[in-house]
Amino acid sequence: MSGGLRLPAPDRVLSSRTGYTRETWLAVADQLLGSLVPWFTDNGAQVRLPGRGSWSGADCDGLEGFARSFLLAAFRIAAGDAEERLIERYARGLVAGAAGDWPRLTPCSQQMVEAAAIAVGLHESRAWLWDRLDDREQTHVVDWLSGFVGSRTWDNNWRLFQVVGEQFLASVGAPYSQDDIDAGLDRIEDWYVGDGWYSDGPGQNFDHYIGWAMHLYPGLWTRMAGPSADGRLAIYRERLHRFLEDAVHLTGTDGAPIHFGRSLCYRMATAAPYWMGALLDATPLTPGQTRRLCSGTLRHFIDHGVPDERGLLTLGWHHHFLPTTQPYSGPGSPYWASKGFLGLLLPADHAIWTDREAALPLDDHDQVRPMPAPGFLIQSTQHDGLVRLLNHGSDHNAEGDAHYSRLAYSTRTGPELTDDAIDNTITTGERRSIQRIAVTDRSAASWWEAGDARIEVAGVVHGRIEVRCVLVDGAEGIVRHGGYAVAGEDLPEAVVDDVWAQATRVDRLTSVMVGLHGYHRADVRRGLDTNAFGPHSATPYLEAQHHGEGPQVLVSAVVLSGDTVWPKALAESIVVTVDGPRVTLRFADGTTADVQLGEEVGDGGSAPVASAPA
């Protein structure tokens with residue numbers, strides 16, 4: 001019994017790393033869908049789940065509960081051997097909702113999001129559901145979906161909701177606008193930034209939406225459009241293949257996705273692009289690697305209590321935690337996790353299900369992966385399975401959201417969600433608009449302005465260590481610089497010395513900050529109910545005094561590790577030389593790195609950070 005679920009016995013021959021098979025995925029889907037039955041309205045058109053409502057209102061929240069779970073139902077139905085009552089339940093609700101129980105589609109309304117889920121679900125379950133509806137029932141559904149035609153959406157991934165919605169209308173011979181479809185698909189071309197990465201709309205919007213929306217919906221559209229999609233299909237396949245070369249590095253060996261960006265309550269939806277790669281034959285991963293990764297993610301959440309004891313997906317991460325959600329999220333929102341079950345569209349005899357699980361890169365070796373397109377540097381360690389994302393490029397339109405503004409994120413930590421948080425921040429001012437400098441093989445750098453201050457940070461990675469070189473110009477007073485916040489059910493242990501501090505969870509997950517140059521004090525700040533990973537949290541941090549008299553260089557070692565860290569030995573293992581804005585680092589194995597701060601790099605400029613072995 002895991003996360004309120006009854007699972008088949010693990011198969012350690014076929015799935016040596018996770019134990020999960022296709023039967024596991026089917027069992028989880030069946031139980032998630034079965035747990036929703038008590039929450040359907042009498043006519044079946046809405047699923048009104050308990051919990052905080054969204055800003056869209058109760059009727060739209062009920063539609064959301066129906067539509068997002070219908071996507072899961074459609075994948076389960078298409079997988080074969082689904083119970084007839086499941087098909088009947090959603091067919092009945094579909095007709096009742098489209099006939100008048102659902103809010104109509106209006107420009108930029110939340111209903112558009114849910115209508116896209118219904119359109120995709122109808123396409124993928126067409127033979128079992130749509131084809132069984134009579135003419136009157138089909139007309140009701142077409143009339144409701146026709147609200148897409150000629151309408152307006154928000155200028156981001158929402159453009160793709162209109163694309164798939166109208167493509168379904170086209171597929172059933174209903175009126176639609178080819179101009180709408182072409183305009184939506186043409187618009188995402190403006191946001192393609194290379195290396196398989198899109199931005200989710202204008203700006204620097206890089207997060208899980210790139211996988212579960214910007215790559216997912218074009219792939220789904222090609223399945224709906226058939227041969228007419230051939231001209232774009234080759235492009236989408238090439239881009240998805242390239243994206244997955246990076247994305248495989250965004251999940252820990254325990255299956256945990258990086259806790260970064262918005263809509264984190266969608267959880268297992270992070271598996272969607274890997275399944276899509278298999279569906280489109282557009283992946284660098286073997287079938288065994290794909291299932292190992294996706295099953296690892298499913299198992300991660302189940303092992304951490306998802307779904308809850310009622311069998312429901314809640315607003316949170318491992319448990320119900322509202323601060324990590326957005327106002328647009330209601331009690332049905334977490335069922336976008338349905339996207340993570342896309343693999344059920346692959347037949348039972350597909351190699352995805354029949355091949356043995358295979359190792360991923362991090363299963364075998366430490367990984368450092370520069371991703372210049374989104375401005376990320378990924379630092380992963382095999383011994384503890386941890387993935388850390390150094391963020392020097394994604395600011396989500398400079399909104400100052402804690403899920404974008406931090407210097408780093410990981411698969412086992414989340415940001416502190418308070419106004420005065422110091423984890424992975426520099427407290428001279430809020431980090432909003434990130435100005436990129438460079439991402440190289442082992443380093444990344446950026447700068448930003450906060451009031452009258454300019455702050456530049458260059459991170460150099462070496463094993464589990466990140467050395468952060470900071471240039472502060474224009475600020476006056478105490479500068480605080482925090483490391484990763486660790487959180488759990490129990491109070492993390494804190495140990496503090498003059499220029500280092502560490503916080504350790506009972507499972508040995510340890511966060512350390514060591515001052516190497518310019519800092520004069522260290523401490524640990526504790527939090528209560530401020531972190532998605534548990535009620536008790538602790539953040540090690542350093543302090544420096546800045547008098548506002550010209551630029552000041554600060555250097556620290558930042559470590560997040562799944563095993564013991566000795567801060568004093570860590571400090572002694574790194575030799576730091578500071579000459580004005582130039583920092584030279586020498587690590588214990590003889591590797592050196594030169595960091596030149598204070599140089600804004602534009603087109604044609606040279607990177608300020610260069611690493612080389614001694």
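Q: In this predicted model, over the ring of which residue does the charged end of Arg525 sit?
A: A charge counts as sitting over a ring when, for Arg, the CZ atom is within 6 Å of the ring centre and within 35 degrees of the ring normal. The charged end of Arg525 is placed 6.0 Å from the centre of the ring in question, and that ring belongs to Tyr541.

Q: How many aromatic pairs does the model hold?
A: Rings of Phe, Tyr and Trp pair if their centres lie within 6.5 Å, with the six-membered ring used for Trp. Counted by this rule, the number of aromatic pairs is 26.

Q: Is the pair of Trp102 and Trp144 stacked, edge-to-face or tilted?
A: Planes under 30 degrees apart count as stacked and those over 60 as edge-to-face, while the rest are tilted. The ring centres of Trp102 and Trp144 are 4.7 Å apart and their planes stand at 55 degrees, so the pair is tilted.

Q: How many residues apart in sequence are the parts that Trp102 and Trp144 tie together?
A: Trp102 lies in the loop between helix 3 (84-101) and helix 4 (110-124), whereas Trp144 belongs to helix 5 (residues 135-145). The pair therefore ties together parts whose separation in sequence is 42 residues.

Note on methods:
Residues are numbered from 1 along each chain as its sequence is written. This is a predicted model: local features need pLDDT of at least 70, side-chain atom pairs count only at pLDDT 80 or more; totals for chains, interfaces and linings use all residues. Side-chain values use heavy atoms; hydrogens and water are left out. Helices (H or I, at least four residues) and strands (E, at least two) are DSSP runs, numbered from the N terminus.
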